[in-house]
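Welcome, and thank you for taking a look at this chain. Please bring up the model and follow along through the ligand shell, the overall build and a set of packed helices.

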Amino acid sequence: MDWGKANRMSKVIKPDGKCFYLAMDHGYFQGPTTRLEHVGNAAVPLLEFVDALFVTRGVLRPQIPPATNTPIILRVSGGTSMGGGDLSHEGVTTSIDEILRLNVSAVGISVFVGSDYEHDSILNLADLVNECEPYGVPVMAVTAVGREMEKREARYLAMACRICAEMGASVVKTYYCDNFEKVAQGCPVPVVIAGGPKTDNDLEVLEFVWKGMQGGAIGVNLGRNIWQNDQPRAMARALRSIIHEGSTPQEAFEIYNTFEH
Ligand code: 5RP
């Protein structure tokens with residue numbers, strides 16, 4: 001691996017081999033999501049706990065201080081909305097010139113395996129890897145399920161992750177599921193897990209992150225279960241203790257409950 005890509009990879013996967021990404025890209029197809037109306041206001045108090053921030057260029061420029069030390073993973077796919085039809089009909093939204101101009105550490109793109117637009121979606125990933133590799137920019141593939149939440153099971157996710165890796169993704173984001181080992185073991189590049197909709201139970205979040213990491217994930221790309229929590233800083237601190245400090249879910253829950261703001 002060339003120095004430039006190795007340098008970028010070192011920003012998004014820490015020396016312990018683990019990572020904590022804060023996902024705040026939801027507006028790119030959902031609009032002003034609850035508690036993410038102003039991404040900058042929601043993000044800045046959390047940046048001290050995370051290893052990278054996942055946002056679009058349209059939020060990065062006006063709302064994230066350019067002096068931040070937090071690496072940026074830039075969401076570069078889109079073209080659909082919750083108000084429209086098939087969420088899988090995405091394209092690449094951001095040129096390689098923009099990616100380099102914004103000095104980001106990696107880029108992220110959704111891939112809709114098994115959808116009506118599977119072919120375009122998988123080739124979007126391959127084309128993006130072809131654009132980014134010469135400049136040493138790692139690509140994170142997001143195994144997206146659109147509205148089909150029932151797809152979040154091991155057989156489907158293992159297939160989707162493996163295909164993303166085979167197309168050249170450097171990291172794959174997927175969901176935690178039963179038999180998660182099958183997903184991680186079948187994927188030749190590191191896997192991180194997303195959270196999905198906010199759960200009612202805070203301990204549950206800590207448990208599925210811990211279980212995902214026991215099953216082979218190197219970390220998380222987590223959004224709603226942090227910034228829709230009433231105590232987002234406490235949740236971010238607790239998650240950090242699982243990802244980088246080896247806490248059990250119970251130990252992390254104690255950190256969450258005793259966090260001093
Ligand atoms: C949205 C995404 C999100 O980055 C990803 O799903 C993580 O967020 P959450 O934990 O809220 O699911 O890709 O399309």
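## Around the ligand

The ligand has 13 residues around it, and those that come nearest are Ala 23, Ala 194, Gly 195, Gly 223 and Arg 224. Two elements give two or more residues to this shell: β10 (219-222) and α10 (224-227). Sorted by class, the shell around the ligand holds 6 polar, 5 nonpolar and 2 charged residues. Please keep in mind that this is a predicted model.

## The chain as a whole

Stepping back, you will find 12 helices and 10 strands in the chain. The radius of gyration is 17 Å, close to the 18 Å that the globule rule gives for 261 residues, so the chain is as compact as a globular protein of that length. Its C-alpha trace spans about 45 × 40 × 40 Å along the principal axes.

## Helices α9 and α11

Now to the helix packing. Two packed helices are described by the angle between their axes and the distance between the axes. Let us take helix α9 (residues 202-214) and helix α11 (residues 232-245): their axes come within 10 Å and cross at roughly 25°. With angles under 35 degrees counted as roughly parallel, α9 is therefore roughly parallel to α11. The crossing of these two helices, α9 and α11, is right-handed.

Which residues make the contact? From α9 come Asp 202, Leu 206, Val 209, Trp 210 and Met 213, while α11 brings Met 235, Ala 238, Leu 239 and Ile 242. In the contact of α9 with α11, 8 residues are nonpolar, 1 is charged and none is polar.

## Helices α11 and α12

Helix α12 (residues 249-258) also packs with α11: the two axes come within 8 Å and cross at roughly 155°. Angles over 145 degrees count as roughly antiparallel, and α11 and α12 are therefore roughly antiparallel to each other. Here α11 passes α12 in a right-handed crossing.

On the α11 side, the contact is made by Ala 234, Met 235, Arg 237, Ala 238, Ser 241 and Ile 242. Facing them in this contact are Glu 251, Ala 252, Phe 253, Ile 255 and Tyr 256 of α12. The contact of α11 with α12 divides into 8 nonpolar, 1 polar and 2 charged residues.

## Helices α9 and α12

How do α9 and α12 pack, and how far apart are their axes? They pack at an angle of about 140°, with the axes 9 Å apart. That makes α9 oblique to α12. The α9 and α12 crossing is right-handed.

Asp 202, Leu 203, Leu 206, Glu 207 and Trp 210 of α9 make this contact with Pro 249, Ala 252, Phe 253 and Tyr 256 of α12. By class, the contact of α9 with α12 has 7 nonpolar residues, 2 charged ones and no polar ones.

Terms used
Residues are numbered from 1 along each chain as its sequence is written. This is a predicted model: local features need pLDDT of at least 70, side-chain atom pairs count only at pLDDT 80 or more; totals for chains, interfaces and linings use all residues. Axes are lines fitted to C-alpha atoms, for helices over the stretch in contact, and angles run from 0 to 180 degrees between N-to-C directions. Helices (H or I, at least four residues) and strands (E, at least two) are DSSP runs, numbered from the N terminus. Angles under 35 degrees count as roughly parallel, over 145 as roughly antiparallel, 65 to 115 as roughly perpendicular and the rest as oblique. A crossing is left-handed if the near helix is turned anticlockwise from the far one by less than a right angle, and right-handed if clockwise. Two residues are in contact if their C-beta atoms, placed from the backbone, lie within 7 Å. Ala, Val, Leu, Ile, Met, Phe, Trp, Tyr, Cys and Pro count as nonpolar, Asp, Glu, Lys and Arg as charged, and the others, Gly among them, as polar. A residue is near a molecule or strand if its C-beta atom, placed from the backbone, lies within 6 Å of it. The radius of gyration is taken over C-alpha atoms; the globule rule is 2.2 Å times the number of residues to the power 0.38.
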